[in-house]
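Visitor: I have just started to read protein structures, and I would like someone to walk me through this one. Could we take it slowly, one question at a time?

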Amino acid sequence: METRTKILIADENSDFRRACKDKLSALGYKDTIEAINGEDALLKIGSEKPDIVLIDIWLSKLDCVQVLKASQNLGLDNPPSFIVTSMINNQNVFFEATESGAEYCMLKPL
């Protein structure tokens, strides 16, 4: 079953982005876009208006928390839900991400 949910995958690891995109596609999520760093993610949030952003906590140019906070200033009618990912289990980082607006935090590998 195909869904119309638009998902942005923001991660600097191209293999991770590809694996997520392939798995999401197999589950019926065909409308996926990719961002290679935090600045790219913020630009695509504003232009593509995804429903969900799957974002790595450690991105260059803008980190995840900076993207979360800056996205609140984009004036989107329907802001995306953020799912934060990290290879490192750091409760302080996850706490800061949820305080900044993340809906959910997950450890990699997913």
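Visitor: What pattern does the protein follow along the sequence?
Guide: Please keep in mind that we are looking at a predicted model. Its secondary structure comes to four helices and five strands. Read along the sequence, these elements follow the pattern β-α-β-α-β-α-β-α-β.

Visitor: What is the radius of gyration of the protein, and what does the globule rule give for 110 residues?
Guide: The C-alpha trace spans about 35 × 30 × 20 Å along its principal axes. The protein is as compact as a globular protein of its length, because its radius of gyration is close to the value of the globule rule for 110 residues. Both the radius of gyration and the value from the rule are 13 Å.

Visitor: What share of the residues is buried?
Guide: A residue counts as buried when its relative accessible area is under 20%. Of the 110 residues, the buried ones make up 43%.

Visitor: In which sense do strands E1 and E2 pair, and what is the handedness of the crossover between them?
Guide: Strand E1 covers residues 7–10, and its pairing with E2 is in the parallel sense, over four bridges. Within this pair, Leu8 stands opposite Ile33. From E1 the chain passes through helix H1, residues 14–26, to reach E2, and this β-α-β crossover is right-handed.

Visitor: Is Ile33 buried or exposed?
Guide: Ile33 lies in strand E2, which covers residues 32–35. On this strand Ile33 and Ala35 point one way while Thr32 and Glu34 point the other way. Since the relative accessible area of Ile33 is 16%, and the limit is under 20%, Ile33 is buried.

Visitor: Leaving aside its neighbours within four places in sequence, which residues is Ile33 in contact with?
Guide: Val84 is 51 residues from Ile33 in sequence, and the two C-alpha atoms are 16 Å apart in space. With the neighbours within four places in sequence left aside, the residues in contact with Ile33 are Lys6, Ile7, Leu8, Ile9 and Glu48.

Visitor: Which residue in E5 is the bridge partner of Thr85?
Guide: Strand E4, residues 81–86, and E5 run parallel and are joined by four bridges. The chain gets from E4 to E5 through H4, in a β-α-β crossover that is right-handed. As for the bridge partner of Thr85 in E5, that residue is Met106.

Visitor: Where is Ser100, and what is its relative accessible area?
Guide: Ser100 has its place in the loop between helix H4, residues 91–99, and strand E5, residues 104–107. Apart from neighbours within four places in sequence, Ser100 is in contact with Val65, Leu68, Lys69 and Gln72. Ser100 is buried, and its relative accessible area is 8%.

Visitor: What kind of peptide bond joins Lys108 and Pro109?
Guide: Pro109 is found in the segment after E5. Omega of the bond between Lys108 and Pro109 is about 0 degrees, and this peptide bond is cis.

Technical notes: Residues numbered from 1 in each chain as written. Predicted model: local features only at pLDDT ≥ 70, side-chain atom pairs only at ≥ 80, totals over all residues. Heavy atoms only, no water. Helix = DSSP H or I, 4+ residues; strand = E, 2+ residues; numbered from the N terminus. Buried < 20%, exposed > 50% of the residue type's maximum accessible area, 1.4 Å probe, protein only. Contact = heavy atoms within 4.5 Å. Pairing = 2+ DSSP bridges. Right-handed = clockwise from strand over helix to strand, strands pointing away. Rg over C-alpha atoms; globule rule 2.2 N^0.38 Å.
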